[in-house]
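Me: I have a structure open here and would like to go through it slowly with you. Could you help me make sense of what is inside?

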Amino acid sequence: MTIVDELLELCDQTIGALPQGDARACVQAVRVNLERPLQVTVAGGVSSGTSTLVNALLGQKIAAVDAGECTRVITRFTYDHHERAEVVLRDGAVRGLALQNGSIPTELGVPPESVREVVVHLSNRGLEHLSIIDTPGLDTVTTENQERTEAFLGLGTDGVAARDTATAIGRADALVFLMPHLREADARILGGFRDLYSGTGLSAFNAVAVLSKIDQLSRSGDPVAAAQPIAERIRVEARGLISAVWPVIGLLAETAACASLGEQEARALRDLAACGDDLDREDLLMTPDAFIAHDGADISRTTRQQLFELLGLFGLGHVLAAIDDGTTGAVALGRLLATSSGFEPLRRQVIDQLGARATLLKCHTALCDLRRISYARNADGDEQVALHRLRSPLDRIEFDPTLHDLRVADALQEATTGEFRLPDVLMADLERLASNTDPMRRVGAADRTEVSAGALAAASRWGSWSNDPRRRPADAQRARAVKTAYEMIWQAEQAATR
């Protein structure tokens, strides 16, 4: 029996012992989520580019990026061979929603405040093992949007948020958080995401940040390179909350991933590149209005508008400079955009690394939620007995060797909250170990041949620290769990080289 099967059986036993009510509904929600694909939630401030990034992750321009009713509700993208969209209302009713030219329409046909979420089923191979959730922007001019998103993340405490919290339990197995820089509100949301799941491991183990809108940092240079120092500062300031900070030009990532730049657009760009001198181009790219209204190269205003929507001012300048240097054709320009966007490292982490950890992350979420539910304060006598019985089997499941990485994640979460205090070198070890799947990255090795030695050295560091008589018993136990993880990496490398 797999760990997932054990958790499903435990949920079934608990549901059978609970009367109708909130506790039973919460356990049922955990059970449903265990059988779903991994839930990756994309969130961020208003106009931070969440929908644009979702389109890039999907490789399909389907999430609405313009203001409209659909941008005011949670949208979940999941796999199905029969493509369709559905509006799920708060009363449980489901209504069909016709896609328009392969995209979500701007109007939902019902008041947005009556919508729990929009579910879009796509025959998209990227969704076979995970679902991607697009959320309304946080810190918007309306508190309603913020409540919806905070509720989905599990942060809501009142109003609409409170009504959504029970159904949102466990849905965010992993978080991709967009920010232009680490604003106070961004830190608060990341901190709230951590605090709500305090002691449960929601941390750098399954959260990544995206530094968005970086094309505004540099018009002539490389915005991705210019953003790296900012990304490093954010990574340090949000230490323990996120595994990485990736600078990304979302618009270019979307255009490249969705293959939106065709030969017709490539020809128009070639004609633009051949028109005028450097001063003309500088005037051309001064403002969006200047570009769209320009009357050179015999290119229509509609085509200019389309090019601007695909590339933005930075992308236009970058592509025109590449054409000057001999890059032509939609395929070559698409490759240029993909490289320049900075998107590929993020795509690998979200799709490949989180996808590889899908079962572990779902089990982790279920264990966290069931543990929290078992301590529900508002349960009555019979409910309390049934919920209390969850704890012993949860203890047994959590110590299954196949879930050892969860103990590493717990140690990181406790270090993040200050419950588990570590010297900087060990904190760096722990972040690296919990946030990666590749053995080289986990031990900080520069070469595959160094993995065994790196794992042994790290195990020795953690063993020495845990054996210090000044350590609290709980801290020594956490440290021994980390030491064991390094020993397991060493053993796996030894077995692979025999």
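Me: Let's start with the biggest hole, so how do the residues of the lining of the largest cavity divide into nonpolar, polar and charged?
Reply: Keeping in mind that this is a predicted model, the lining of the largest cavity divides into five nonpolar residues, six polar ones and one charged one.

Me: Ok, and which residues are those?
Reply: The largest cavity is lined by A204, F205, N206, A207, V208, S243, Q349, Q353, L354, R357, S435 and T437. Two elements give two or more residues to that lining, namely β8, which covers 207–211, and α14, which covers 343–356.

Me: Which element gives the most to the lining?
Reply: That is α14, which gives three residues to the lining of the largest cavity.

Me: What volume does the largest cavity have, and how many cavities of 30 Å³ or more are there?
Reply: The largest cavity has a volume of about 80 Å³, and the structure holds five cavities of 30 Å³ or more.

Me: How does anyone find empty space like that?
Reply: In general, a probe the size of a water molecule is rolled over the atoms, and this shows where empty space is left.

Me: Switching topic to cysteines, how many disulfides does the structure hold?
Reply: The structure holds zero disulfides.

Me: And is C11 buried or exposed?
Reply: C11 is buried, because its relative accessible area is 0%, and the cut-off for buried is under 20%.

Me: What about C258, why does that one count as buried?
Reply: C258 counts as buried because its relative accessibility is 16%, which is again under 20%.

Me: Now D475, where is it found, and is it buried or exposed?
Reply: D475 is found in helix α22, which runs over residues 473–496, and with a relative accessible area of 7% D475 is buried.

Me: What does its side chain make a polar contact with?
Reply: The side chain of D475 makes a polar contact with the side chain of R472, at 3.0 Å. If you leave aside the neighbours within four places in sequence, D475 is also in contact with E419, F420 and W465.

Me: Last one, where does P393 lie?
Reply: P393 lies in helix α17, residues 391–398, and P393 is buried, with a relative accessible area of 18%.

Me: How many residues apart in sequence are P393 and E6, and what is the distance in space?
Reply: P393 and E6 are 387 residues apart in sequence, while from C-alpha to C-alpha they are 9.3 Å apart in space.

Notes: Residues are numbered from 1 along each chain as its sequence is written. This is a predicted model: local features need pLDDT of at least 70, side-chain atom pairs count only at pLDDT 80 or more; totals for chains, interfaces and linings use all residues. Side-chain values use heavy atoms; hydrogens and water are left out. On a 1 Å grid over the protein atoms alone, a cavity is a set of points where a 1.4 Å probe fits but cannot get out, and a pocket is an open set with protein on both sides within 12 Å along at least five of seven lines; lining residues have an atom within 4 Å of a point. Grid points are joined across faces, edges and corners, and a volume is the space filled by probe spheres set on the points. Helices (H or I, at least four residues) and strands (E, at least two) are DSSP runs, numbered from the N terminus. Ala, Val, Leu, Ile, Met, Phe, Trp, Tyr, Cys and Pro count as nonpolar, Asp, Glu, Lys and Arg as charged, and the others, Gly among them, as polar. A disulfide is a pair of cysteine sulfur atoms within 2.5 Å. Buried means under 20% relative accessible area, exposed over 50%, partly exposed in between (1.4 Å probe, protein chains only). A polar contact is a pair of N or O atoms within 3.5 Å; within protein, one must be able to donate a hydrogen and the other to accept it, and residues adjacent in sequence count only if both atoms are side-chain atoms. Contact means heavy atoms within 4.5 Å.
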